[in-house]
Amino acid sequence: MTTTVARHPSPTVHTARRLGAALLTMGGIFWALAVVAVVLATLVVWRVNGSVDVSIAVYARQGATWFPFSLGIMLVAAYLRVHVASGMTRRSFVRAALLVEVAAGVGYAAVFTAVVLLERTVHDALGWGSTVTEIQLADESASAGAMLLELSVTFVVANLSGLLVGAVYQRFGAWAGTLTLPLTVGPLVLLLYIPGARFVDLPGIWTTTEAGHLGLAVGVGVALGAAMATVFAAVVLRQQLTPTP
């Protein structure tokens with residue numbers, strides 16, 4: 001007689017699946033609406049001007065940054081207390097949250113890059129331009145890899161910033177959470193606009209080569225992301241949760 005022992009996933013894997021499914025659903029809705037908005041805006045500009053010589057899709061960068069950022073805040077507020085009350089550890093929550101938010105950031109960057117490249121192909125076929133007017137390094141001449149790398153770092157940092165904001169608010173309360181926003185959100189704002197440094201000729205390697213521009217942004221982004229993930233983990237692991245009144 002043989003017995004089969006059911007194998008259960010680790011708490012981290014189980015939590016990552018649940019959080020990932022929620023973020024995937026919200027991401028699908030966001031990108032469906034974003035693509036419809038890009039198409040409608042393109043048609044309106046074409047109708048008014050007769051051509052569309054700028055990239056409309058690239059304006060989705062702001063939405064693709066701040067919408068997942070807000071989801072990161074809600075993820076902590078909605079899941080952390082339930083997670084611990086279910087008998088699982090804060091450590092497994094931290095691991096799962098960091099895993100899915102990093103994956104979500106890369107996923108958003110991949111979809112964003114695909115939409116921009118598809119739009120560029122359509123514009124080329126119609127004889128239009130695709131000028132990028134957003135403050136970002138990847139302009140209309142950038143390769144798909146450069147755009148994917150830059151946006152991946154930006155979106156991952158945005159997601160980690162959202163987690164950190166949610167954790168600080170939940171542990172220290174509304175006043176402390178609000179007063180520390182320059183520290184929890186400020187690095188993300190810095191990363192969003194650091195590409196503008198090349199426009200004012202600040203000294204450094206980033207003023208001379210495209211590789212230098214990208215290297216600076218990626219290096220700063222990775223350092224900021226690592227710092228945010230470390231602080232987020234420290235805040236959550238030391239948090240004493242009380243039952244919801």
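Contact here means heavy atoms within 4.5 Å. The model is predicted: local features need pLDDT of at least 70, side-chain atom pairs count only at pLDDT 80 or more, and totals for chains, interfaces and linings use all residues. Residues are numbered from 1 along each chain as its sequence is written, and side-chain values use heavy atoms, with hydrogens and water left out.

The chain has seven helices and zero strands. Helices (H or I, at least four residues) and strands (E, at least two) are DSSP runs, numbered from the N terminus. The order of elements from the N terminus is α-α-α-α-α-α-α. Among contacts with a separation of 6 or more, 80% join residues 24 or more positions apart. The accessible surface of the chain is about 12,800 Å², and carbon and sulfur atoms hold 70% of that area. Accessible areas come from the Shrake-Rupley method with a 1.4 Å probe; for residues, only the protein chains shown count as cover. Of the 245 residues, 41% count as buried. Buried means under 20% relative accessible area, exposed means over 50%, and partly exposed lies in between (1.4 Å probe, protein chains only).

The interior was examined next. A nonpolar core is a set of buried Ala, Val, Leu, Ile, Met, Phe, Trp, Tyr and Cys residues joined through side-chain atoms within 4.5 Å. The largest such core has 39 residues. Phe93, Leu163 and Phe232 have the most contacts inside it. Elements giving two or more residues to this core are H1, helix H2 (60-85), helix H3 (90-126), helix H4 (144-179), helix H6 (186-193) and helix H7 (210-237). H4 supplies the largest share, 10 residues. Apart from this core lies another, of 21 residues, including Val52, Val58, Ala109 and Leu151.

Phe93 touches Leu19, Leu75, Val76, Tyr79, Leu80, His83, Phe232 and Val236, with residues up to four places away in sequence not counted. In H6, Pro187, Leu188, Leu191 and Leu192 are buried. Seen down the axis of H6, its buried residues fall within an arc of 140 degrees, so they line one face of the helix. The arc is that of the directions from the helix axis to the C-beta atoms.

Thr12 lies in helix H1. Thr12 counts as buried because its relative accessible area is 16%. Leaving out residues up to four places away in sequence, Thr12 touches Ser92, Arg95 and Ala96. Thr184 is found in helix H5 (residues 181-184). The relative accessible area of Thr184 is 5%, so Thr184 is buried.

Val111 sits in helix H3. Val111 counts as partly exposed, at 33% relative accessibility. The C-alpha atoms of Val111 and Leu148 are separated by 9.2 Å, and these residues are 37 residues apart along the chain. Val36 lies in helix H1 (residues 11-49). Val36 has 46% relative accessibility and therefore counts as partly exposed. Val36 also belongs to a nonpolar surface patch of about 530 Å², made with Val35, Val39, Leu40, Leu43 and Trp46. Patches are made of residues with over 30% relative accessible area and no salt bridge; like charges are joined within 9 Å, and nonpolar side chains (Val, Leu, Ile, Met, Phe, Trp, Tyr) within 5 Å. A salt bridge is a side-chain nitrogen of Lys or Arg within 4 Å of a carboxyl oxygen of Asp or Glu.
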